[in-house]
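The tour makes two stops.

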Amino acid sequence: MALSSTLLRSWTFATAALGISRSIRPSWRGGAARLVCSSEGMQSVSTESGGQQAVKQAMFKDASHLIAVNPPRLNYGVCVSDLDGDGEFELFVCGFGFQNQVLKWNGNELVDIAVGTPLEDPETKSIGVAAADFDADGREELYVLNTDTFLGRKKVTDRLFDSQSEQWVDLFSLPRNMDESNMCAGRSVCAVDRLGNGKYSFFVANYGGLMKMFEMTEEGFVADVASEVGLATYPTGGRALVSLPLISHSSMDIFAGNEGGPNFLFINKGDDSGRFVECASAYGLMDALENCRGVAVVDAMGDGQLGLACGNWQGSHRLFSVSGPGPIGGAKALGFKDGDVGGFKDVAPPAMARPSAIRTVIAADFDNDGYEELFFNNIGDANRLFRQSGAGNWVECDIGDASEPKGLGTGAAVADFDGDGRLELLISHGELRAQPLSLYRSPENDNAWMRVKPLTKQGAPARGATVRLVDESGRVQKRAIDAGSGYLCCMEPVAHFGLGSLAGPVNLQIVWPDGAEVTMANVSTRQLVTVFHP
């Protein structure tokens, strides 16, 4: 299908790199509220009655000095995974014409441990990345998207790195797999456990070509199975991917955000076939007139139901919550045995919907107050942050040092690297010109938290599993273990919950892609709990 010149212009690296205002959560009492603030510390709202109410500090403080070596570079996607097998997470950072990096927290700073390994791969131009257990050996493999062209056929293949005898081997470079390698310009990749057996596929969103799903066969070959599992589509401007039980109760569905055409929603049939059916129209997610970039899975209304925050390139951003009518007769009427929810409705407030040059969108509870924030990473424009002033009431807030009005953001990821229960934010930059990485932390506070890491039968992170938490007040929160790739990136495979001032124990329910469940009662907070597949 032909792609418009408008879409071509939106890919700025095709010509360049191929080569506070403060918002608050006001307290309304019979009239308007005004902001009173200083350059440091807490802010307050002064009401017409003369009273004051304390509100949040700026969210992020710059901690980039904790990156040991950080020169200006062209970087893109970021992925969080345990790449050295020591049980701790590292950051893989894609280099575009520069070496890839693997940043590891050594107790004092982030150091690059990829030096001298095949993961550096300096001869390629990497843009997207995801991690998952591709061969069901209990350790995650790494899929790296490379591109040297805007759309269509490219000259360099992607990488599929597998750790074998402590050495990284690119499976696509093996003679038996060369015919299956991806030679189309990809944009994002995500992991999908379509059969629920702990053996993940990598699904690739290509731009100007067919999407692909790579799996390892029983004989040890890499094969594209997209056509046989119902994922063959017409060529489109594929941009973003997320995979989780969005419609299904436990099976992993796939949302594909596209440019120059409607989005796709591939629902897992939930049977032994592991096949998918496209149903974006029935569920209200086509958004055909916009050009999707970043996508994040978020509890949009703060009620324990998962929705999608979709950043559209220079178009109205969306916040899709589970509040639409859905298909007549529900998912089961369409033949999905595992169907669980209705349709989706855009509930983005005007401030959030305001167009921007959006890249990555991240949903996370950075301050552990019990409600997720939404981080919008823009290129060549200030980043934005939204928080919930009560369940489902989204307001723009003070992002602090992570505003980066001159930043050329190309990717971002979150994880708790130092084990203090607060998430760190890493932002990569590039495309138009080289810039260093940025690292941010939220201010210290006394809020409680809970972290849950489900594992597959084989012992790898159970990406695509869901975790439901009920706190001592009875409120429900829900997270999906990230499988990549809202746009180019892949977050840590941990469900992170903030709990605010609630210090009491919580109840947990973990559901794996095969439908297996574990419930845990009266779990103490302020800890990381690893949960094995039953």
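Predicted model: local features only at pLDDT ≥ 70, side-chain atom pairs only at ≥ 80, totals over all residues.

Residues are numbered from 1 along each chain as its sequence is written, and side-chain values use heavy atoms, with hydrogens and water left out.

**Stop 1: the cavity**

Select Val297, Ala363, Ala480, Asp482 and Met491, the lining residues that lie nearest the centre of the largest cavity. A cavity is a set of points, on a 1 Å grid over the protein atoms alone, where a 1.4 Å probe fits but cannot get out; lining residues have an atom within 4 Å of a point. Its volume is about 460 Å³, a volume being the space filled by probe spheres set on points joined across faces, edges and corners.

Next, colour strand E25 (358-364), which gives the largest share of this lining, five residues. Strands (E, at least two residues) are DSSP runs numbered from the N terminus. Domain 1 (61-447) and domain 2 (452-532) each contribute at least three residues to the cavity lining; the bounds come from an automatic or database domain assignment.

**Stop 2: the pocket**

Now select Glu88, Phe89, Asp416, Phe417 and Gly419, which lie nearest the centre of the largest pocket among its 15 lining residues. A pocket is an open set of grid points with protein on both sides within 12 Å along at least five of seven lines. The space in this pocket is about 260 Å³.

Finish on strand E32 (448-454), the source of the largest share of the pocket lining, three residues.

Methods
Helix = DSSP H or I, 4+ residues; strand = E, 2+ residues; numbered from the N terminus.
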